[in-house]
Amino acid sequence: MSVVVAVKPSARKRNAKVGRLVFEDGSRHAFESRAAAERWADDLSAGDGHVWVASAHPRDSDDADLYLVSRATNAKLEAAYDKRRRRLRGDRAPEQESLGGEP
């Protein structure tokens, strides 16, 4: 039995090895089992951004059995973006308030 792994954009963005692999060999890869795909993901993660194999959603019309995914976020950059967005919006308050909070 063969399983097909589709590489998601989050994995390509987080891990340079994955990006290079997609460029050279495409975004779909077949393995003999899920365990083999997980070993592949572990090898890709060594020394670079962490990637892992996740089950494809049953309703997904794609022919992939698994996805290679990652959490492609950079908290420092996101915080800077939020701060800049608040400043451009004209918010003067240094602290964020919760919904329904007192002004």
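## Close-up views of a predicted model

**View 1. W52 stands opposite V69 in β4.** Here, strands and helices are runs assigned by DSSP (H or I and at least four residues for helices, E and at least two for strands), numbered from the N terminus. This is a predicted model, in which local features need pLDDT of at least 70, side-chain atom pairs count only at pLDDT 80 or more, and totals for chains, interfaces and linings use all residues. Residues are numbered from 1 along each chain as its sequence is written, and side-chain values use heavy atoms, with hydrogens and water left out. Back to the strands: β3 and β4 run antiparallel and are joined by 4 bridges. Two strands count as a pair if DSSP finds at least two bridges between them.

**View 2. Four strands line up as an open sheet.** The order of the 4 strands is β2-β1-β4-β3, and the pairing is mixed. Who stands at the edges? That would be β2 (28-31) and β3 (52-55). Each has a single partner strand, so one side of each is left without a neighbour in the sheet. From one strand to the next, the twist averages 35°; angles run from 0 to 180 degrees between N-to-C directions, with axes fitted as lines to C-alpha atoms (for helices, over the stretch in contact).

**View 3. Strand β1 has a partner in β2 and another in β4.** With β2, strand β1 (residues 3-7) runs antiparallel, and 4 bridges join the two. Look for V3, which stands opposite F31 in β2. With β4, strand β1 runs parallel, joined by 3 bridges. On that side, V7 stands opposite L68 in β4.

**View 4. Strand β4 points its side chains two ways.** L66 and L68 point one way, while Y67 and V69 point the other way. Are these four buried or exposed? All are buried, where buried means under 20% relative accessible area, exposed means over 50%, and partly exposed is in between (1.4 Å probe, protein chains only). In a regular strand, side chains alternate between the two faces of the sheet.

**View 5. Helix α2 has buried residues along one face.** The buried ones are V18, L21 and V22. Seen down the axis of α2, these buried residues fall within an arc of 100° (taken from the directions from the helix axis to the C-beta atoms), so they line one face of the helix. On the other side of α2, F23 and E24 are exposed. The buried residues of α2 pack against β1, α1 (9-14), β2, α3 and β4, with contact meaning heavy atoms within 4.5 Å.

**View 6. Zoom in on V18 and the largest nonpolar core.** Leaving aside neighbours within four places in sequence, V18 is in contact with V7, A11, R12, L44, V51 and L68. A nonpolar core is a set of buried Ala, Val, Leu, Ile, Met, Phe, Trp, Tyr and Cys residues joined through side-chain atoms within 4.5 Å. Which of the 17 residues in the largest core touch the most other members? They are V5, V7, V18, F31, W40, V51 and L68. At least two residues of this core come from each of β1, α2, α3 and β4, and the largest share, 5 residues, comes from α3. Another core, of 5 residues, lies apart from this one, and A56, A64, Y67 and V69 are among its members.

View 7. With 12 residues, α3 reaches 16 Å from its first C-alpha to its last, close to the 16 Å expected at 1.5 Å a residue (the expected span is 1.5 Å times one less than the number of residues). A36, A37, W40, A41, L44 and S45 are the buried residues of α3. Just after α3, G47 takes a positive phi of about 80°.

**View 8. S45 sits in helix α3.** Why does S45 count as buried? Because its relative accessibility is 12%. Not counting residues up to four places away in sequence, S45 touches N15, H50 and V51.

View 9. R14 is partly exposed, with a relative accessible area of 41%.
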